[in-house]
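Me: Can you walk me through this one? I'd like the overall picture, then the details.

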Amino acid sequence: MNQRKFRHMRKALSILLTAGILLVSLPVTASADMGYNIANGDVTITSGGDRKHVITGSSAINSITVNAPGQTVNIVLENVDISLDYYQKCAFNIEAGAVNLTLWGYNKLKSGCAFAGISNHGNPLVIQEDTTNGFTDTLTIRCNSSGAGIGGDNYCTGSNITIHSGQIEIKYAYFGACIGGGNGAAGENILIDGGTIIADANYYTGLGAGIGGG
């Protein structure tokens, strides 16, 4: 092997070793937050972890689904407005996984008939407001027939719901509870230790409980 070729090989090896050292020494950073606009289509979240899934926008067609078995998903609703008056589906459906839900700004949800505004299927749901923006963050849920505001769909139990903070108003409860079970079903393991809760079960001839069973 001539000296020139040897020098080229030694230089290349030196570059590779330096690059390896730099990669090893790079700091480990948290996963980047994910952003979604509900106006652009259905939002389906299948992974949890430290990252936040920040959802914005308005829609009369699209919905949010969480399907992350065995994981905890951090979701931020930021001035979201979903109103599914003419669609038979849930505005915010937690099929699998625990959800930490943070409210930012003014948020509104309405599901189709027989679905809860937020249906958690017994999966742990914790709701709190953002603590950094300096104002009260809100969630207004307008119930549809037979589903709870937060909890169970028609004939489904609503359970494992915790509310820490924020202003949450639920109205038009009709057969389902504002927070708890859907029509004909129980509400269980519901903890409210902060925030302002307006559970208006009798608004517009509603027949459901404020908090409890449908």
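**Contacts and core**

Reply: Let me begin with one residue. Asp85 counts as partly exposed, because its relative accessibility is 37%. Keep in mind that this is a predicted model.

Me: What does the side chain of Asp85 meet in a salt bridge?

Reply: The partner is Lys110, at 2.5 Å from N to O. Lys110 sits in strand E6 (residues 106–110), while Asp85 is in the loop between E4 and E5, so the bridge ties together parts 25 residues apart in sequence.

Me: Is Lys110 buried or exposed?

Reply: Buried. Its relative accessible area is 10%, and buried means under 20%.

Me: How many salt bridges does a search of the whole structure find?

Reply: Two. The other pair to look at is Lys89 and Asp42, whose side chains meet at 3.2 Å, N to O. Lys89 belongs to the loop between E4 and E5, and Asp42 to the loop between strand E1 (34–37) and strand E2 (43–45), so this pair ties together parts 47 residues apart in sequence.

Me: And how exposed are Lys89 and Asp42?

Reply: Lys89 is partly exposed, with a relative accessible area of 22%. Asp42 also counts as partly exposed, at 47% relative accessibility.

Me: Step back a bit. How many helices and strands does the protein chain have?

Reply: There is one helix, and there are 16 strands.

Me: What share of the residues is buried?

Reply: Of the 214 residues in the protein chain, 44% count as buried. The chain exposes about 10,900 Å². Carbon and sulfur atoms supply 53% of that area.

Me: On to the core. Which residues of the largest nonpolar core touch the most other members?

Reply: Ile55, Ile75, Phe92, Leu101, Ile118 and Ile150, out of 35 residues in that core. The elements giving two or more residues to this core are E2, E4, E5, E8, E9, E11 and strand E12 (167–171). E4 provides the largest share, with eight residues.

Me: Pick Leu101. Where does Leu101 lie?

Reply: Leu101 is in strand E5, residues 92–104. Leu101 is buried, because its relative accessible area is 0%.

Me: What does Leu101 touch?

Reply: Leave aside residues up to four places away in sequence. Leu101 then touches Ile75, Leu77, Phe92, Ile118, Leu125, Val126, Ile127 and Gln128.

Me: How far apart are Leu101 and Ile163?

Reply: They are 62 residues apart in sequence and 9.5 Å apart in space, C-alpha to C-alpha.

Me: Which strand holds Thr162?

Reply: Strand E11, residues 158–163. Thr162 counts as buried, because its relative accessibility is 16%.

Me: What touches Thr162?

Reply: Leu125, Val126, Ile127 and Leu191, with residues up to four places away in sequence not counted. Leu125, Val126 and Ile127 are also in contact with Leu101.

Me: Now aromatics. How many aromatic pairs does the structure hold?

Reply: One. The rings of Trp104 and Phe135 have centres 5.5 Å apart and planes at 80°, so the pair is edge-to-face. Trp104 lies in strand E5, and Phe135 in the loop between strand E8 (125–129) and strand E9 (138–142), so the pair ties together parts 31 residues apart in sequence.

Me: What is the relative accessible area of Trp104 and of Phe135?

Reply: Trp104 is at 26% and partly exposed. Phe135 is at 34% and partly exposed.

Me: Last topic, the surface. Which residues make the nonpolar surface patch of about 390 Å²?

Reply: Ile61, Tyr86 and Tyr87. Tyr86 is found in the loop between strand E4 (64–83) and E5. Tyr86 is exposed, because its relative accessible area is 78%.

Key. Residues numbered from 1 in each chain as written. Predicted model: local features only at pLDDT ≥ 70, side-chain atom pairs only at ≥ 80, totals over all residues. Heavy atoms only, no water. Helix = DSSP H or I, 4+ residues; strand = E, 2+ residues; numbered from the N terminus. Buried < 20%, exposed > 50% of the residue type's maximum accessible area, 1.4 Å probe, protein only. Areas by Shrake-Rupley, 256 points an atom, 1.4 Å probe, with all protein chains shown as cover. Contact = heavy atoms within 4.5 Å. Patch = residues over 30% accessible without salt bridge, like charges linked within 9 Å, V, L, I, M, F, W, Y side chains within 5 Å. Salt bridge = Lys/Arg side-chain N within 4 Å of Asp/Glu carboxyl O. Phe/Tyr/Trp six-rings, centres within 6.5 Å; stacked < 30°, edge-to-face > 60°. Core = buried A, V, L, I, M, F, W, Y, C linked by side-chain atoms within 4.5 Å.
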